[in-house]
Amino acid sequence: LTEVRLEEIGRVARRLYETTDYAISLAVGCNLLEWCQYLFGMENTYIYLGSEKRKLARFLDRLTELHLDFLRRLLPRLRGSVQILVAGDDLGTQRGPQMSLDTYREIILPGHKRIYRYIREHSGAHLMLHSCGGIYPLIPDLIDAGVEILNPVQTSARHMEPERLKAEFGLSLIH
C-alpha cells in the first residue's frame, strides 16, 4: 500500500472511532498458509509441507518479513483508533487441522508467533484470528502466539463444540 493509502486508512479509522459507539476492527490479513495455497496451489502446498519443509520454511520466513514490514507502516497510524485487528489463515477442515500439529508447529507457527506478537505489542488492539474449520488441536498454540478472539467458531467442525471450548479454554461464545 502507498503511504497515501495508509494515511487514508488511519484517518478513516480515527473518524469512525470518534463518531461512533462501535468497536472499530480492521482486517490486516497476514495469512501464511493461505498465501502458500494461493501462490502454489493446494496440492503443491501439501507436497511442500510433506517433502520440501526447508524450502517452504524459507519462503514463509520471507513472507512473514513482508507482513511485518506492512504492519510497521500501518500500525502507528491506527493506535488508539482500532480496537480489533483481524488476521486470517484458514487452518482447518471439517475434520480437523489441514496439517499435523507437529507440522503446524514446525512450519507455520513460528511466523504466526512473530506476526501476532508484533500486532499485540505495537497496536494497542485485540487480535482476532479468522480461521475456519476444526482447529481445536491448534488453539493452545494460537493463544500462546497472541490470539484473543477466534472467528468463526465453526461448531459443526470436529471437536469445536462450544461446551468443550468453554470448558478447556474458558472461551466466551457470542452467537
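**Figure 1. Surroundings of S81 in the predicted model.** Apart from residues within four places in sequence, S81 is in contact with A13, R14, Y17 and I24. The model shown in this and the following views is a predicted one. S81 belongs to the loop that runs between α4 and β2. Its relative accessible area is 4%, so S81 is buried, the limit for that class being under 20%.

**Figure 2. Overall fold of the protein chain.** The protein chain contains seven helices and six strands. Read from the N terminus, these elements follow the order α-β-α-α-α-β-β-β-α-β-α-β-α. The radius of gyration is 17 Å, close to the 16 Å that the globule rule gives for 175 residues, and the chain is therefore as compact as a globular protein of that length. The C-alpha trace extends over about 45 × 40 × 25 Å along its principal axes. Among the contacts with a separation of 6 or more, 73% are between residues 24 or more positions apart.

**Figure 3. Surface and charges of the protein chain.** The protein chain exposes about 9,600 Å², and carbon and sulfur atoms supply 53% of this area. Of its 175 residues, 41% count as buried. The chain carries 22 positive and 22 negative charges, whose mean positions lie 3 Å apart.

**Figure 4. The largest nonpolar core.** The largest nonpolar core comprises 45 residues, and L71, Y116 and L142 are those with the most contacts inside it. When neighbours within four places in sequence are set aside, L71 is in contact with V28, C30, P76, I115, Y118 and I119.

Figure 5. F70 is situated in helix α4. Beyond its neighbours within four places in sequence, F70 is in contact with L1, L6 and V28. Although F70 and L1 are 69 residues apart along the chain, their C-alpha atoms are separated by 8.1 Å. V28 is also listed among the contacts of L71.

Figure 6. C30 has a phi value near 60 degrees, which is positive in a residue other than glycine. The residue is placed in the loop between β1 (25-29) and α2. With a relative accessibility of 2%, C30 counts as buried, because the class requires a value under 20%. C30 is one of the residues in contact with L71.

Figure 7. N151 and P152 are joined by a cis peptide bond, for which omega is about 0 degrees. P152 occurs in the loop between β6 and α7. At 23% relative accessibility, P152 counts as partly exposed, since this value falls between the limits of 20% and 50%. Not counting residues up to four places away in sequence, P152 touches H130, S131 and C132. The C-alpha atoms of P152 and L129 are separated by 8.5 Å, and the two residues are 23 positions apart along the chain.

**Figure 8. H159 and E161 in the loop between β6 and α7.** H159 lies in the loop between β6 and α7, and the place of E161 is in the loop between β6 (149-151) and α7 (162-169). The phi value of H159 is near 65 degrees, a positive value in a residue other than glycine. H159 has a relative accessible area of 29% and is partly exposed. E161 is partly exposed as well, with a relative accessible area of 33%. From E161 to V82, the C-alpha to C-alpha distance is 30 Å, and the two residues are 79 apart in sequence.

How values were computed. Residues numbered from 1 in each chain as written. Predicted model: local features only at pLDDT ≥ 70, side-chain atom pairs only at ≥ 80, totals over all residues. Heavy atoms only, no water. Helix = DSSP H or I, 4+ residues; strand = E, 2+ residues; numbered from the N terminus. Rg over C-alpha atoms; globule rule 2.2 N^0.38 Å. Buried < 20%, exposed > 50% of the residue type's maximum accessible area, 1.4 Å probe, protein only. Contact = heavy atoms within 4.5 Å. Areas by Shrake-Rupley, 256 points an atom, 1.4 Å probe, with all protein chains shown as cover. Lys, Arg positive; Asp, Glu negative; His and termini not counted. Charge placed at Lys NZ, Arg CZ, Asp CG, Glu CD. Core = buried A, V, L, I, M, F, W, Y, C linked by side-chain atoms within 4.5 Å.
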